Amino acid sequence: MLTPGDEVPDVELPDQHGTTVRLAELTSEGPVVVFFYPKAMTPGCTKESCHFRDLAAEFAEVGATRVGVSADPVERQAAFDQRNDLGYPLLSDVDGLAAAAFGVARPGPLWNRRATFVIDRDGTVLEAMRSEMNMDVHADRALEVLRSRRAAD
């Protein structure tokens, strides 16, 4: 798994609308929080994704973009977004290339571990965390890191 200080791979994946999203383009606009979740529409992943949704104003305040990633196909990501009104990019990593590049891949049927990466504008990891069972810790910790970074600037 990537750790603080590591350079993030420049992955390029389709979002829930079928639009290709390139990580380097997102980081050029500000910090990015990439969270990998095992499977859309499941209780834990819904709770985690909705927590990221509910903290939209806080992430905007620190200038950060939220991005969810799972091995679900574009159509399932679109249904997940629509059902929960998430409002941020959900990337489809059906081949598991992004999960492997970030070091969070695992054998199916849940193709990646639940992990979150706070990425700075220069493409380096500020923080990396894993917790399969505490769904709120990912967004909460990401905000702590981003607020601390902002206060230091």
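Me: With which side chain does the side chain of glutamine 77 make a polar contact?
Reply: This is a predicted model, where local features need pLDDT of at least 70, side-chain atom pairs count only at pLDDT 80 or more, and totals for chains, interfaces and linings use all residues. Residues are numbered from 1 along each chain as its sequence is written, and side-chain values use heavy atoms, with hydrogens and water left out. A polar contact is a pair of N or O atoms within 3.5 Å; within protein, one must be able to donate a hydrogen and the other to accept it, and residues adjacent in sequence count only if both atoms are side-chain atoms. At 2.5 Å, the partner of glutamine 77 is the side chain of tyrosine 37.

Me: Is glutamine 77 buried or exposed?
Reply: Buried means under 20% relative accessible area, exposed over 50%, and partly exposed in between (1.4 Å probe, protein chains only). Because its relative accessibility is 0%, glutamine 77 counts as buried.

Me: Why does aspartate 85 count as exposed?
Reply: Aspartate 85 is not a glycine, yet has a positive phi of about 50°. It is exposed because its relative accessible area is 60%.

Me: How far apart are the end C-alpha atoms of helix α2?
Reply: Helices (H or I, at least four residues) and strands (E, at least two) are DSSP runs, numbered from the N terminus. The expected span is 1.5 Å times one less than the number of residues. For the 12 residues of α2 (residues 43-54) that should give 16 Å, and the distance agrees: 16 Å.
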